Amino acid sequence: MVFGQVVIGPPGCGKTTYCNGMSQFLSLLGRKVAVVNLDPANDALPYECAINIEDLIKLSDVMAEHSLGPNGGLVYCMDYLEKNIDWLEGKLKPLIEDHYLLFDFPGQVELFFLHSNARSVINKLIKKLNLRLTAVHLIDAHLCCDPGKYVSALLLSLSTMLHLELPHINVLSKIDLIENYGNLAFNLDFYTDVQDLSYLQHHLEQDPRSAKYRKLTKELLTFLLEPDNRKLTKELCDVIDDFGLVNFSTLDIQDKESVGNLVKLIDKSNGYIFSSIDSSAVEFSKIAAAPLDWDYYRTAAVQEKYMKDDEFVQQTSRMQ
């Protein structure tokens, strides 16, 4: 049985940096790691690549030959990979005996909530090679500073989870830079636990960055927050309430404690935590039901470490 991660997220969220840092961290834990680059647009890899999609197809060649832009070219490349899945399977077979796999996917979000090619590639690998994969969906943490962008990130995360149908972990990456674009309106746990979005309404109306799309965002929030408006809204709210689908973990890829906490969560979601256990079903159930024992580090400790205390800052300013 082989374990691994499917690393996805919008452009610039830090997927390649994540794969580089995660592979180093897991290697220090004693795991043999193989990074699989499936992003044909990524031509500057900081990590040692075990498998590279550019050996099969190159984005530049596709764009030139078919007169496509970058987005169309990436869709074509994923379609081509799906039709040539035997190539990827052949490359993976020598690795699956003793390696932990990291799949570095493209940043084009349509591939993971709209098109079926990437999902088909993942599902075929899972079935044919008996893989146990967790989708790690990275979202840039600074989006929390902009209420409109935060709502968009929630919709993207939910759509991706429903489309991929994998064990799924949403991650606020670059948490150390979370306030570089402004202070948060609420404590960090409001954003990680995805609490009542109605509290964002006032901030959306007051935020100058939302001026250009304020009307659209207000209508979108009204649509989402009025369960009697549409059947779709009621169904979405029921799904969120019943299953708690969308929440976020946090990550500073340069902080070993932060990475370690995330690895614990990933190992539990894809079953790696059980891989070395030879015990009864009762013991497995105890481990599965046990808490991860790091709720404090998921929110309070992270906020204390990376976010400014406004009251402390004001007092310091007055003293100066």
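**Terms and their grounds**

Author: The model is a predicted one. Helix 3 covers residues 70–83, which is 14 residues, and spans 20 Å between its first and last C-alpha, close to the 20 Å expected at 1.5 Å a residue.

Reader: Which residues of helix 3 are called buried, and what covers them?

Author: The buried residues of helix 3 are Gly73, Leu74, Val75, Cys77, Met78 and Leu81. Each is called buried because its relative accessible area is under 20%. Their cover includes helix 2 (59–66), helix 4 (85–92), helix 5 (110–113) and helix 6 (117–129).

Reader: Where is glutamate 165 found, and why is glutamate 165 called exposed?

Author: Glutamate 165 is in the loop between helix 7 (147–164) and strand 6 (168–173). Its phi, near 55°, is positive too. With a relative accessible area of 64%, glutamate 165 is over the 50% cut-off and is therefore exposed.

Reader: Why is strand 5 described as largely enclosed?

Author: Strand 5 (residues 131–140) is largely enclosed by the rest of the structure because nine of its ten residues are buried.

Reader: How do you know that strand 5 pairs with strand 1 and with strand 6?

Author: Pairing requires at least two bridges. Seven bridges join strand 1 (residues 2–8) to strand 5, and the two run parallel; valine 6 stands opposite alanine 135 in strand 5. Six bridges join strand 5 to strand 6, also in parallel, and histidine 137 has asparagine 170 in strand 6 as its bridge partner. The chain passes from strand 5 through helix 7 to strand 6 in a right-handed β-α-β crossover.

Reader: What makes up the largest nonpolar core, and which residues have the most contacts inside it?

Author: The largest nonpolar core has 37 residues, and those with the most contacts inside it are Leu88, Leu92, Phe103, Phe105, Leu125 and Leu131. Leaving aside residues up to four places away in sequence, leucine 131 touches Val2, Ile96, Leu101, Phe103, Leu125 and Ile126. A second, separate core has 27 residues, including Cys145, Leu200, Val246 and Phe248.

Technical notes:
Residues are numbered from 1 along each chain as its sequence is written. This is a predicted model: local features need pLDDT of at least 70, side-chain atom pairs count only at pLDDT 80 or more; totals for chains, interfaces and linings use all residues. Side-chain values use heavy atoms; hydrogens and water are left out. Helices (H or I, at least four residues) and strands (E, at least two) are DSSP runs, numbered from the N terminus. The expected span of a helix is 1.5 Å times one less than its number of residues. Buried means under 20% relative accessible area, exposed over 50%, partly exposed in between (1.4 Å probe, protein chains only). Contact means heavy atoms within 4.5 Å. A crossover is right-handed if, with the strands pointing away from the viewer, the path from the first strand over the helix to the second runs clockwise. A nonpolar core is a set of buried Ala, Val, Leu, Ile, Met, Phe, Trp, Tyr and Cys residues joined through side-chain atoms within 4.5 Å.
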